[in-house]
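Thanks for making time this morning.

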Amino acid sequence: MTGKTEPEKPPADLLEEFHSLDLDKLLPLDKDCWELSTMLYSETEALGGRQQQIVTLLAHCCFMHMTVENRHEPFRPYCVMADSRSYAPGDFSEKDIAFLAEAYSRIDHPHVKARIADIVWVCSKDFKAGNAAIEAYLAVPILDNTWNSHGRDYAERAATICLMLGKGAREHLATLQEKLHTAFAKARYPENGYFPLHLGEVLLRFEHSEESAQETARALEDTASLAYTEHDYVASRQYAELAAKWHGSNENENKRWEMTKLQARSWVSLAEAQLADQSNALAALTFYDHAIKLYRSVPRAHRSAEIDHELVKLEGEYRNAGHLSADSLVPMSTTIDISDMIRDVVSDISGKPLPDALYRLANLIHPRKATIRKSAEEAASKYPLSSLMTSTGVLSDGRVSGKSPGAMDDYEAHIWHKMLEQYSQEVLISTRGLIIPGLETFSNEHRLGVRDFVHIAQLSPVVPPDRHHIIGKGLHEGYQSDFSSAISILVPQLENIIRYHLSKRGVDTTTTTPEGLIHYVGMSALVEKDCIEEIFGDNFVFEFKAMFCDPQGFNLRNDLAHGILDDERYFSVEAVYAWNIVFRLVFNSYWIAARKQEEQNESNGSL
C-alpha cells in the first residue's frame, strides 16, 4: 500500500470483540514489546474466534525487530530461518491495517500504541497514524536505565517520522528536542556514565541556535576534561570526540581542534597504561596509531611545535610497541574434552540403516547465524573495554598486517569479526568431535561408491543439471577422507551452484570491463547479492562468507583459487568442514525432494 490513503473501516463485530478485551490485563505497563509478544502468544491458546484473531494480531505487532536506520522499513521479522520467518509489516492484509488503525487509539500502553500506530503509518502513510506514533514515542520517559533497550530507538524513530511528516509535525519535533535537552541537562558524568554522551549524539541531528550549540559543546567539553583528570581515558576520548563535532557544527575551529588534541592525549594515556604490562603491547600499538592519526589531522594553523615533537616521539613509541607485540604473541593452547561428543555421535550413527545413518551424518551440525551473533554481542557486552579496541594482526617484525574495528568505530564490523572468531571455534570443535568420528563410524558400516553420491546429486534440486557427476565425485572423495581432492572439486562447484541459482532468479552474475569484456564475478561478490538469503537461507549464507570468502575468516575459496593453501591446510579441519558444508547442502536438498515425492506418490495412490 502506497500513497496517503486512510485505511477502510474494519467490520463492526471485530471492533466490538476488541472493545470487550481487558487491555489492562493483556498489556501490563511494566512489560515491553518483546515481553508482551510472549504473553500475547500464550494468551491466544485460551481464546477462540475473533478474540484469538485480535490477540494474535497484537502479538505479531509486538514480535518485530526495530531497525531505526531504515526510515521506510523500521520493523523487520524478529526471527528468520532458512524456509520461514516471523511477521513483518508487509505481511498484514489491508483488513488487518484497517483494524489496527482503529485499535491503537484505545490502547494506553505507550510502547504498543507507538508500535501499532507506526506500523499503520508505514503501511498506509496515514498522517493521523504518523502523528499518533510520535505522540506515543514521546510519552515514554527518557531515562538512562532504558536508553539502550528502547529509549534511543524511540527518540530517533520519532525524529524520523517528524521529518517525514514535515511542517505538520514541527511541534512534535520541538517537544522531542526539548525532552532530550532536559534529559541532557540533568544527566551527569560519572553518575550516569555514557548517557549524556548518547543524548548529545542524538541532539546533534537537530538544528540549534548558536547559543544552544555552544552550551551543549561546553558541557561535553567539561565532561571530557573531567573524565581525563579522573583517568577515565575511554570516556574522555569519546566525550572529546563528540565535543569536537559540536564545536565544528558551530564553526568554533579553535575549540574543535582543542578537543581533537584531547582525544589524542586520551589515546596516548590508554597506550601507556597498556604498556605497563608487556602482554598488552598489541592494544598499545592500536592506541598509539589512533593518537598519531588524530594529531596529524590537526591543521597547521592549529598545530604547535609541541605537537610536531609529540608526533616524532609517538612514532618511536609506535614502532617499539610493534616489536613488543610481536615478542608477546606466544602460542596458546586450550584443552577441551570432546570425548562425550564422540561417544554420542558414534552411538547416534552406529547400527542405523543406510538412509537413516546417511541423514544423521549430513545433519550432525547446524550452525545458526542468529545464535552466533547473539554470542558475539554477549561477549561485546560482557567485555566492553576489549570491544572498544581495534583487533590488529602483527607480523614477526612488528609490522601491522591487518585490522578489525572496535565496537565504537564500527559496531557491525566489530560484531562480524567476533562472529567469525566464534565460528572458527565451532568449526574446530564440530569437526573433531562430530564430523570426523561420525564419518569414520558411517564408513566402517556402510560402503558407498561414486555412483551413489552421483545419484544423490542428480536428485538434489540445488545441484545444476550438468554438474551431477563432478559434485558426486567430490562428495565421494570426502567420504573416503581425501579432503584435499574433495575441496579442490567442491569449492569451485559451490561457487557455480550459487551463481546458477542467482541467475535463475534473474540476478546478473557478471561484470563488464571498460573494453566490453564480460567476466563472471567471484564468490565473494555473489554472496553479497540481495536475494541470496531467500535462496539458501541466512545460515548457509553466513557459512559461505565465513568459510570461503572473508579474509578475516578461513577465506578458503580465495586461498584455494590463488594457490595459497599449503600441505597442512589441504588436510586441516577447515577442509573437512568445507566438505561437510557442501555435503549438508546437497544431501538435505535431495532428502527434502525425496520426501515430497514419497508424499505425492502416497497421495496419488490413495485416490
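What you see is a predicted model, in which local features need pLDDT of at least 70 and side-chain atom pairs count only at pLDDT 80 or more, while totals for chains, interfaces and linings use all residues. Residues are numbered from 1 along each chain as its sequence is written, and side-chain values use heavy atoms, with hydrogens and water left out.

The mean pLDDT of the chain, pLDDT being the predictor's confidence in each residue from 0 to 100, is 87, and 89% of the residues reach 70 or more. Over residues 393-402, however, the pLDDT is below 50, and where pLDDT is low, the predicted coordinates should not be read in detail.

For salt bridges, the rule asks for a side-chain nitrogen of Lys or Arg within 4 Å of a carboxyl oxygen of Asp or Glu, and the count comes to 28. One of them joins Glu 477 and Lys 473 at 3.0 Å, N to O, and these two residues lie four apart in helix 22, residues 468-479, which is about one turn; helices here are DSSP runs of H or I, at least four residues long, numbered from the N terminus. An α-helix has 3.6 residues a turn, so residues three or four places apart point the same way. Glu 477 is buried at 12% relative accessible area, whereas Lys 473, at 37%, is partly exposed; buried means under 20%, exposed over 50% and partly exposed in between, with a 1.4 Å probe and protein chains only.

Which residues does His 247 touch, leaving aside its neighbours within four places in sequence? With contact meaning heavy atoms within 4.5 Å, they are Ala 217, Glu 221, Asn 252, Lys 255, Arg 256 and Met 259. His 247 sits in helix 12, residues 233-249, and is buried, with a relative accessible area of 4%.

In helix 17, residues 354-362, the buried residues are Ala 357, Leu 358, Leu 361 and Ala 362. Seen down the axis, they fall within an arc of 135°, so they line one face of the helix, the arc being that of the directions from the helix axis to the C-beta atoms.

Finally, rings of Phe, Tyr and Trp (its six-membered ring) pair if their centres lie within 6.5 Å, with planes under 30 degrees apart counted as stacked, over 60 as edge-to-face and the rest as tilted. The structure holds 28 aromatic pairs; Phe 536 and Phe 544 form an edge-to-face one, 5.5 Å centre to centre with 75° between the planes, and both residues are buried.
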